[in-house]
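Subject: Structure handover

Hello,

Here is the structure we talked about. Please open it first; the notes on what was found follow below.

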Amino acid sequence: MPDNKTAFKVVNQRVNKLDSLGLACGTAEFADDWNPPRMLIGRLLYSPHAHARIKKIDTSAAERVPGVAAVLTYKNTPRIRHTTAGQGFPEPSPYDSLIFDDKMRFAGDRVAAVAAETAEAAQEALSKIKVDYEVLPAVFDILDAAKDGAPVIHDEDDAKNIPDAKHNICAAYALDIKDHEWYSTADAVIEQTYKTQYAQHCALEPHTVIAYFDADGRIVLRSSTQVPFHVRRIVAQSLGIEVRRIRVIKPRIGGGFGSKQEVFLDQACAALLLAAKRPVKMELSRKEVFVSSRTRHPAVIRLKTGVKKDGKITDLDLAITLGNGAYGAHALTVMMCSGSHTMPLYQAQNNKFTGRTVYTNLPVAGAYRGYGATQGFFALESQMDMMAEAIGMDPVEFRLKNYIKQGQGSPIFKAMGEGREGVEQVMQSCGLERCIEEGLKASGWREKRELYKKQAGAKRRGIGCACLMQGSGIPEVDMASATIKMNEDGSFNLLIGAADLGTGSDTVLAQIAAEVLGVRHCDILVYSSDTDLTPFDVGAYASSTTFISGNAVRKTAENVKTMILSVAAKILNEKPENLRLEGGRVVAASGISCPLSEVANTSLYYHDQHQIIASASHTATTSPPPFSAHCAEVEVDTETGAVAVLNYVAAVECGTAINPALAEGQNDGAVLNGLSFALTEELEFNAAGAAKNAGFRGYKIFGAYDTPPIKTILLSTYEPAGPFGAKSVSEIGINGPQPALANAIYNAVGVRLTEPPFTPDKVLAAIRAKR
């Protein structure tokens with residue numbers, strides 16, 4: 001196997017996405033592009049109250065609306081607690097959800113569902129459902145939620161895995177790894193509180209599910225999901241039926257960013273199918289996506305750190321409280337990642353983490369790109385600048401003095417896993433120093449830091465940096481499988497459970513297979529994400545696809561290669577060890593060769609007839625992090641508070657970039673997502689807990705007009721545990737903009753912002769307060 005990029009033929013090449021033509025021409029089929037005959041339209045009724053109990057519900061008038069085929073409530077659906085978090089089984093999230101419940105826990109919680117011939121009939125039926133509510137006291141602030149006397153949101157006795165329901169705590173964890181007495185050797189101690197906001201994923205495609213029966217009466221769910229196998233399991237569990245009665249198909253997906261790792265619409269659609277005995281489609285409106293799907297966890301982070309005058313970090317104490325909203329999906333794991341993906345970046349002598357996630361009567365948080373690290377890095381990288389300033393050291397030099405290096409580990413890795421103890425890790429690859437060097441060079445960091453010390457006028461410029469790490473899958477938890485079958489013309493079918501969300505993973509995995517098999521990536525015919533036809537994969541989350549699924553594909557391709565060489569050895573009268581695969585042929589050291597088509601036809605039709613086919617699985621014992629350095633240049637208008645991003649550079653080391661063009665696109669998108677989150681995005685609520693800006697007219701995301709110059713620089717290392725040296729790349733970029741911009745704004749105008757988004761009002765208020 002090649003151990004450096006110069007030997008690669010298909011891997012590390014900028015080949016076209018396999019689905020690019022279909023997407024460009026509009027022939028690619030998404031969940032909503034296929035409608036079975038006699039399909040009904042499903043719609044949901046939502047609670048107007050943030051906290052209430054249904055005293056009485058009357059659906060009789062709704063059932064009489066012409067065209068209505070089914071009406072569902074808590075009265076006629078299974079009462080089986082489950083989690084909507086699409087995670088590996090057994091899920092570490094609380095089992096606190098029902099398909100429908102008689103208690104409403106946020107304004108937007110589900111009351112009932114209707115299936116009807118038309119959307120109009122469904123909507124009319126919803127309007128005729130009469131609900132008598134007992135309105136209950138509500139709690140919205142995440143720090144108030146855990147106080148004595150706060151309204152108890154989950155008072156049911158059949159929920160599971162809630163550590164302290166009476167105090168609305170749905171997850172908690174603490175560690176204290178101490179080298180010496182806390183702060184006893186520190187020359188400077190800094191303590192700061194940071195707050196991050198509610199945010200929406202804003203995937204282009206809304207959540208969509210079509211449910212229908214196949215010819216054998218099995219339930220088929222055509223779902224816009226990131227996790228088809230988890231959908232199958234959770235739907236079966238919530239309906240109380242066998243897994244084998246369900247098939248899940250993931251078509252093309254219009255983005256997910258974590259929101260489609262949640263399983264909350266599929267079970268309602270399947271329940272309507274069972275009740276109506278006809279196909280049902282449920283597609284959320286944009287407002288429903290904002291309020292009733294999933295969001296990023298808001299957080300309050302208290303960070304206390306100690307540092308010596310020589311630049312050594314002595315103490316790192318991170319305490320975080322996250323708001324999970326009304327239900328506890330991903331409550332523990334997002335909280336854990338806020339520490340486990342951030343604290344190991346620097347080699348502090350004392351490390352303490354205290355985390356808790358609480359219920360509130362607000363919309364439900366869940367998986368979102370960055371997954372806790374986004375919140376944690378805002379605090380950590382802001383405070384790195386503050387520590388450097390306290391001891392009079394350049395912020396870049398301070399980071400270089402403390403970051404984790406190749407050959408080093410961290411006690412955090414072993415102590416903090418995702419839902420359980422982690423694993424020991426030693427860095428086998430780390431290109432952070434090169435990232436910093438290239439980022440500084442491309443951004444003109446040193447020159448501009450000097451230049452911006454002497455400024456006059458209303459508009460002031462500044463430049464800031466942030467360093468980052470993430471992970472590559474969840475060690476000893478995530479697993480993926482692949483199957484490869486050879487065809488008569490020397491092409492191959494690659495069957496994978498991995499879910500391509502528009503990220504290009506089908507292409508990346510085809511490149512890995514093609515590299516092993518000595519063919520072009522377009523000779524690999526990819527079929528992904530069908531629970532009947534493709535092997536198991538946990539799905540697209542935790543930056544796992546390239547690293548976990550890619551290794552499964554590589555193993556499978558190696559097995560197929562062995563089979564091919566065995567057949568070819570007989571054709572060429574050579575020993576298998578003297579043969580190689582190259583250019584669609586089997587080539588001997590002597591120079592003789594035969595095409596792969598001859599090998600395939602020989603195995604299928606002539607001698608020792610058999611299908612050349614293999615499957616393999618992969619799970620990892622490590623999660624090698626990618627590393628990144630971001631540099632942001634801003635201009636702040638001191639009269640209005642407006643912040644303009646003039647230039648943004650993100651240097652990222654992801655091992656071997658299997659497809660550099662796709663890796664750059666992933667990082668560009670993550671950075672833009674992060675810039676929007678840092679400067680404009682915030683889901684806001686009124687005093688009753690209802691969303692005030694649930695739509696793109698009130699919730700501002702960055703568009704093309706807002707996009708500043710973004711430069712992604714890919715730097716290669718070789719990760720021994722990854723397929724052809726690869727690590728993840730898709731999430732890390734979102735973690736940098738908040739701290740990099742906060743540091744740049746401080747460099748420009750001398751105010752430290754700790755509560756994004758950094759809107760003109762907040763910036764101007766901070767400038768005036770300083771004056």
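Buried here means under 20% relative accessible area, calculated with a 1.4 Å probe. Please keep in mind throughout that this is a predicted model.

Salt bridges

The structure contains 40 salt bridges.

In one of the bridges, Arg105 pairs with Glu156, and their closest N and O atoms are 3.0 Å apart.

Another bridge joins Glu205 and Lys260, with the closest N and O atoms 3.0 Å apart. Glu205 is in the loop between β9 (199-200) and β10 (208-213), while Lys260 is in the loop between β12 (246-249) and α5 (266-276), so this bridge ties together parts that are 55 residues apart in sequence. Glu205 and Lys260 are both buried.

The pair of Arg244 and Glu242 also forms a salt bridge, the closest N and O atoms being 3.2 Å apart. Is Arg244 buried or exposed? Its relative accessibility is 62%, so Arg244 counts as exposed, the threshold for that class being over 50%. Glu242, at 43% relative accessibility, counts as partly exposed.

Helix packing: α13 and α14

Helix α13 (residues 505-517) packs against helix α14 (residues 545-572) at an angle of about 30°, and their axes are 8 Å apart. The crossing of α13 past α14 is right-handed. On the α13 side the contact is made by Ser505, Val508, Leu509, Ile512, Ala513, Val516 and Leu517. On the α14 side it is made by Thr545, Thr546, Ser549, Gly550, Val553, Arg554, Ala557, Glu558, Val560, Lys561 and Ile564. Sorted by class, the contact between α13 and α14 has ten nonpolar, five polar and three charged residues.

Ile496

Strand β20 (residues 492-496) includes Ile496. With a relative accessible area of 1%, Ile496 is buried. Which residues does Ile496 contact, leaving aside its neighbours within four places in sequence? They are Ser481, Ala482, Asp506, Leu509, Val526, Tyr527, Ser528, Ser529, Thr534, Pro535 and Val553. Leu400 is 96 residues from Ile496 along the chain, and the C-alpha atoms of the two are separated by 41 Å.

Helix packing: α16 and α17

Helix α16 (residues 660-679) and helix α17 (residues 737-749) pack with their axes 8 Å apart, at an angle of about 55°. The two helices are therefore oblique to each other. α16 passes α17 in a crossing that is right-handed. The residues making the contact are Val671, Gly674, Leu675, Phe677, Ala678 and Leu679 of α16, together with Pro737, Gln738 and Leu741 of α17. By class, this contact of α16 with α17 has seven nonpolar and two polar residues, and no charged residues.

Regards

Definitions and conventions: Residues are numbered from 1 along each chain as its sequence is written. This is a predicted model: local features need pLDDT of at least 70, side-chain atom pairs count only at pLDDT 80 or more; totals for chains, interfaces and linings use all residues. Side-chain values use heavy atoms; hydrogens and water are left out. Axes are lines fitted to C-alpha atoms, for helices over the stretch in contact, and angles run from 0 to 180 degrees between N-to-C directions. Helices (H or I, at least four residues) and strands (E, at least two) are DSSP runs, numbered from the N terminus. Angles under 35 degrees count as roughly parallel, over 145 as roughly antiparallel, 65 to 115 as roughly perpendicular and the rest as oblique. A crossing is left-handed if the near helix is turned anticlockwise from the far one by less than a right angle, and right-handed if clockwise. Contact means heavy atoms within 4.5 Å. Ala, Val, Leu, Ile, Met, Phe, Trp, Tyr, Cys and Pro count as nonpolar, Asp, Glu, Lys and Arg as charged, and the others, Gly among them, as polar. A salt bridge is a side-chain nitrogen of Lys or Arg within 4 Å of a carboxyl oxygen of Asp or Glu.
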